Amino acid sequence: MIKLSRTAITVFTLAFGLYHAVLALLNFDHFRVPQLAAVAIALYLASLVLSLADRPGLALKSPKAAFSLIAAMLISLLMAGSTSAEHNDGHATWHVAGIATLMAIIALRQHKVMAWFGVSIMTLEVLLWGGPEQLFNAGIFGALMLVAAAHAASVTLTSTSKAAAEFREQASATAAATAAKSAARAERQSRVDRALDAALPLLNQIESLDGALDESQKRQAIELEAMLRDQIRGRNFDLPELLDEVAKARTRGVEVQVLDDGGLEQLTESQRESLLKDVAAHVAKVNSGKLVLRSVAGEKWTVSITALQAGAEVPDLFIRL
């Protein structure tokens, strides 16, 4: 792929546009009213510089595009007043290519309607000045082709810009998703490491006793196993007040399951803390049976609390917060 810098394209376009002004200056003594021609050339040069120097971005600012349009219409009138069509030897129609260049620039820079309006007015003015034969003699067809090419290029550039923007958005989303997955893996690994650190002393004790635990040690092992499950599967249910109530519920003989499937990740820290305090208050009221605390992403609720007695068809407690 060949890549050209914007500076190089601007310099090339400026040189192409200046050619028409130089042609007019070289034939300046041929104009019947040189003062009008001088004003026309000055307007042309001012419009050319303004339309090319406007940065950043592809789109030309609307006031500058409007200035080029008005200048184009005035240039045709001025040149019609400075030269007679009967004595035209070709040099008087430099402005046709010049105006076409201006309109091509503003078409390329996202003002296509203005460009077509400007070249249409210029065509009408030249026809009124010199008659239908000027369609061929003055280069009207070439002017129309130049604006048409700029229009097509503008559409292509707009489409390419949109595609590039969509690609950047997709790349950004992919990078964000990858970062989120990496963070989630790191968090899970951190939780596993903390759980193993907490469990290691008791596991070493079990090994040293060859599994011959007393009742107190067995109860401690069961509580540790539940704590490990909570840390790995409960994730964001890690508010100290809630964990304390869960531990108390288990002491009362309640079977507690804590499952976090991403619902709490959408909350701020203060929202999560407030919500989990409410959950802890409900947990404190459960004295028997099975208690399930669950958070699921993508639901209208954040946390569900279900308390059910063994063999019962209807739960004692079912709340969604």
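**Labels and their cut-offs**

Mentor: Lys-277 is partly exposed, with a relative accessible area of 40%. This is a predicted model, in which local features need pLDDT of at least 70 and side-chain atom pairs count only at pLDDT 80 or more, while totals for chains, interfaces and linings use all residues. Residues are numbered from 1 along each chain as its sequence is written, and side-chain values use heavy atoms, with hydrogens and water left out.

Trainee: Why is Lys-277 called partly exposed?

Mentor: Buried means under 20% relative accessible area, exposed over 50%, and partly exposed in between (1.4 Å probe, protein chains only). Lys-277 has 40%, so the label is partly exposed.

Trainee: What makes the contact of Lys-277 with Glu-273 a salt bridge?

Mentor: The term requires a side-chain nitrogen of Lys or Arg within 4 Å of a carboxyl oxygen of Asp or Glu. The closest N and O atoms of Lys-277 and Glu-273 are 3.4 Å apart, so the pair qualifies. Both residues belong to helix α10, four residues apart, and are therefore separated by about one helical turn.

Trainee: Why is the aromatic pair of Tyr-44 and Trp-94 called edge-to-face?

Mentor: Rings of Phe, Tyr and Trp (its six-membered ring) pair if their centres lie within 6.5 Å; planes under 30 degrees apart count as stacked, over 60 as edge-to-face and the rest as tilted. Here the centres are 5.7 Å apart and the planes 80° apart, so the pair is edge-to-face.

Trainee: Is Tyr-44 buried or exposed?

Mentor: Tyr-44 is buried, because its relative accessible area is 1%.

How values were computed. Helices (H or I, at least four residues) and strands (E, at least two) are DSSP runs, numbered from the N terminus.
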